[in-house]
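User: Walk me through this structure, please. I want each label set against its cut-off.

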Protein chains: 2
Amino acid sequence: MTSTASARPAAIRRAALELFMRQGYPATTMSEIGALVGIRGPSLYKHVASKQELLAEIMDGIMDALQDAHQRAVSGTADPTERLRRAVEAHVRYHARHRAEAFVGNREIRSLTEPHRSAVLARRAEYEQRFRALIADGVAAGVFRVTSTRVASYAVLDLGMGVATWFRDDGEFSENEIVWQYADFALRLVGAE
Amino acid sequence: MTSTASARPAAIRRAALELFMRQGYPATTMSEIGALVGIRGPSLYKHVASKQELLAEIMDGIMDALQDAHQRAVSGTADPTERLRRAVEAHVRYHARHRAEAFVGNREIRSLTEPHRSAVLARRAEYEQRFRALIADGVAAGVFRVTSTRVASYAVLDLGMGVATWFRDDGEFSENEIVWQYADFALRLVGAE
């Protein structure tokens, strides 16, 4: 296998992401995806099984990246406030950098068929529960105050999704400035001391 | 015109919204919209000009509703904290109740063509600026503390969008309980005293 051939699956996923973002999953055809990477006709199926498989891989890639970033973020400290700050920074940074993934990941959950849909929803629930646990740790330590750790974790996570919709690289604030402001928002939101 | 005939444009808009939500604007055809309200073939065009016109009307309806609710919310008090609280309550309540509108409104901005796209973006910018002004009022009064009123207003508005994605009528918390928790989140987020 040449390096070009081995790079194809990644290029095909990028092309699929681009088209899913631009026109939505239902309106995108495999031949459009093939055309974008210069592969004509049935030879696309040497690299990918189906459009559904591509969407599932994109969704899994998003969760892999978010969970890895989260793990790295929280592993360096035991302080609940600092752990939540770092986790939110990682979450917001991912959404600022990967706006197409965030957009498609959010919009096309309903386009996934089983078993992909349940698998991705389970991974999202697990990711949300990590944030809920961080908030619960802070509440237990007496440094956060919330009515519901679940609702607070939803609100914190939604801040990331929001950034993905409006952040621009050439905007008024740099990625770091947005990441830091949003981490402050999240800590305020949970009533951090 | 019978009452059935006059109700048709609204029924057609509801059908369009339903299909745009389920399968996206690009993948939806006028004949599918017609089929959902029991109108076959070209007679649908007696009621609506085009699919694009339907999307633009849906988008305008969302902004009408949000701006009306906002206006009613803030008109009763001059206190900056109370004004922001009520504005956020109205915003979150709309998103909890109109999840399909919120979803399509957010996802299909890119499906609007000109002059609709610029018009809707201008209305959204105006709505955002109302929140920015409320936050600036609180900062000026010394009761809010934010790095950027613009970024804070984005974060506050994104909380509403988040609710639209996960709120369920049969969930753990009632609409009011979510609205109140989110209003508290927003006030905390802007550093309200």
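Analyst: This is a predicted model. Over all chains, the salt-bridge rule gives a count of 28.

User: What makes Glu82(A) and Arg85(A) a salt bridge?

Analyst: The closest N and O atoms of Glu82(A) and Arg85(A) are 3.7 Å apart. The rule asks for a side-chain nitrogen of Lys or Arg within 4 Å of a carboxyl oxygen of Asp or Glu, so the pair qualifies.

User: Why are Glu82(A) and Arg85(A) said to be separated by about one helical turn?

Analyst: Both sit in helix H4 (residues 80-97) of chain A, 3 residues apart. An α-helix has 3.6 residues a turn, so residues three or four places apart point the same way.

User: Which residues are linked with them in a network of salt bridges?

Analyst: The network links Glu82(A), Arg85(A), Arg86(A) and Asp184(A).

User: Turn to chain B. What makes Arg22(B) and Glu18(B) a salt bridge?

Analyst: Their closest N and O atoms are 2.9 Å apart. The limit is 4 Å, so the label holds. The two residues are 4 residues apart in helix H1 of chain B, about one helical turn.

User: Are Arg22(B) and Glu18(B) buried or exposed, or what lies in between?

Analyst: Arg22(B) is at 47% relative accessibility and counts as partly exposed. Glu18(B), at 31%, also counts as partly exposed.

User: How do you know that Asp169(B) and Arg99(B) link distant parts of the chain?

Analyst: Start with the bridge: their side chains meet at 3.5 Å, N to O. Asp169(B) lies in the loop between H7 and H8 of chain B, while Arg99(B) lies in helix H5 of chain B. They are 70 residues apart.

User: What makes His70(A) buried?

Analyst: His70(A) has a relative accessible area of 4%. The limit is under 20%, so it counts as buried. His70(A) is in helix H3 (residues 51-74) of chain A. Leaving out residues up to four places away in sequence, it touches Ala87(A), Tyr127(A), Arg130(A), Phe131(A) and Leu134(A).

User: Why is Ala69(A) called buried?

Analyst: Ala69(A) has a relative accessible area of 16%, and the class takes values under 20%, so it is buried. Ala69(A) is also found in helix H3 of chain A. Ala69(A) and Tyr94(A) are 25 residues apart in sequence but 8.2 Å apart in space, C-alpha to C-alpha.

User: How do you know that the span of helix H7 of chain A agrees with its number of residues?

Analyst: H7(A) covers residues 149-166, 18 residues. At 1.5 Å a residue it should span 26 Å. Its end C-alpha atoms are 27 Å apart, which agrees.

User: Why is H7(A) called largely enclosed?

Analyst: Because 16 of its 18 residues are buried, H7(A) is largely enclosed by the rest of the structure.

User: What caps the N-terminal end of H7(A)?

Analyst: Ser148(A) does. A side-chain oxygen of Ser148(A) lies 3.2 Å from the backbone nitrogen of Arg150(A).

User: What do chain B and chain A bury between them?

Analyst: About 2,800 Å², with 61% of it on carbon and sulfur atoms. In chain B, Arg110(B), Val151(B) and Arg188(B) lose the most area to chain A, together 21% of what that side buries. By contact, 34 residues of chain B meet 34 residues of chain A.

User: How many salt bridges cross the interface of chain B and chain A?

Analyst: The rule finds 2. Glu172(A) and Arg150(B) meet in a salt bridge at 2.9 Å, N to O. Between the two chains there are 8 residue pairs in polar contact.

User: Which element gives the largest share of the side of chain B that touches chain A?

Analyst: H7(B) does, with 11 residues. The residues of that side divide into 18 nonpolar, 8 polar and 8 charged.

How values were computed
Residues numbered from 1 in each chain as written. Chains lettered and ligands numbered in written order. Predicted model: local features only at pLDDT ≥ 70, side-chain atom pairs only at ≥ 80, totals over all residues. Heavy atoms only, no water. Contact = heavy atoms within 4.5 Å. Buried area = accessible area lost by both parts, 1.4 Å probe. Polar contact = N/O pair within 3.5 Å; in protein donor to acceptor, adjacent residues only side chain to side chain. Nonpolar A, V, L, I, M, F, W, Y, C, P; charged D, E, K, R; others polar. Buried < 20%, exposed > 50% of the residue type's maximum accessible area, 1.4 Å probe, protein only. Expected span 1.5 Å × (residues − 1).
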